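Visitor: Could you walk me through this one? I'm new here.

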Amino acid sequence: GIRERSHKDKAPYAQWVDDGYMFATPCDSVDHEWVCSFLAHRLNGRSVTSVEFDRWRIENFESAAKHTAFYDMVREWSPVGQGYQSFSPRLEALEIAMAAGNIRHGSHPLLNLGAANAISVSDPAGAQKLDKSKSTQRIDMIVAMVMAVYPLLDGERDDFSLGGVIG
């Protein structure tokens, strides 16, 4: 389904797969067990300090992970809410790090796509989250980046680096 999704989303997913920027599952829908096996293989025996995840439907992924070596490679599963309260400190930390020049993503096309289509919205108290309601494009990768780098940016973790994030 990558060609159909490329057409629908107006994004060159097939080209990005060919160029090594993203990986496609071998079937039309996401096979979580395949993804977990792929991650375990890519990690090549290294452990993962934390998996930061959106709580929406995580049960499917976590259940699949338990059937693969990936589950035992993860030390901590950390839920991240997508609302203002949970997301605002993460987004603020990323914005500060980016403004200071501490975040570089090598102009990765999927992060560029997400960044170009996500907007930061605020609640009356000034808390922020990312929104895509006015876009037809995906913002998943930039949301994943915000969630993944936060433990590094706020000093929660000092035992891994951005180099350990699977790309």
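Guide: Let's start with a term: a disulfide is a pair of cysteine sulfur atoms within 2.5 Å. Keep in mind that this is a predicted model, where local features need pLDDT of at least 70, side-chain atom pairs count only at pLDDT 80 or more, and totals for chains, interfaces and linings use all residues. Residues are numbered from 1 along each chain as its sequence is written, and side-chain values use heavy atoms, with hydrogens and water left out.

Visitor: How many disulfides does that rule give?
Guide: Take C27, whose closest cysteine sulfur sits in C36. Those sulfurs are 13 Å apart, too far for a bond. C36 is in no disulfide either. By the rule, the count is 0.

Visitor: Is C36 buried or exposed?
Guide: Buried means under 20% relative accessible area, exposed means over 50%, and partly exposed is in between (1.4 Å probe, protein chains only). C27 comes out at 34%, so C27 is partly exposed. C36 has a relative accessible area of 0%, so C36 is buried.

Visitor: Which residue forms a salt bridge with D9?
Guide: A salt bridge needs a side-chain nitrogen of Lys or Arg within 4 Å of a carboxyl oxygen of Asp or Glu. The count here is 1. With the closest N and O atoms 2.5 Å apart, the partner of D9 is R138.

Visitor: And how many residues apart are D9 and R138?
Guide: D9 lies in helix α1 (residues 2-9), while R138 is in the loop between β4 (128-131) and α8 (140-153). Helices (H or I, at least four residues) and strands (E, at least two) are DSSP runs, numbered from the N terminus. The pair links distant parts of the chain, and the separation is 129 residues.
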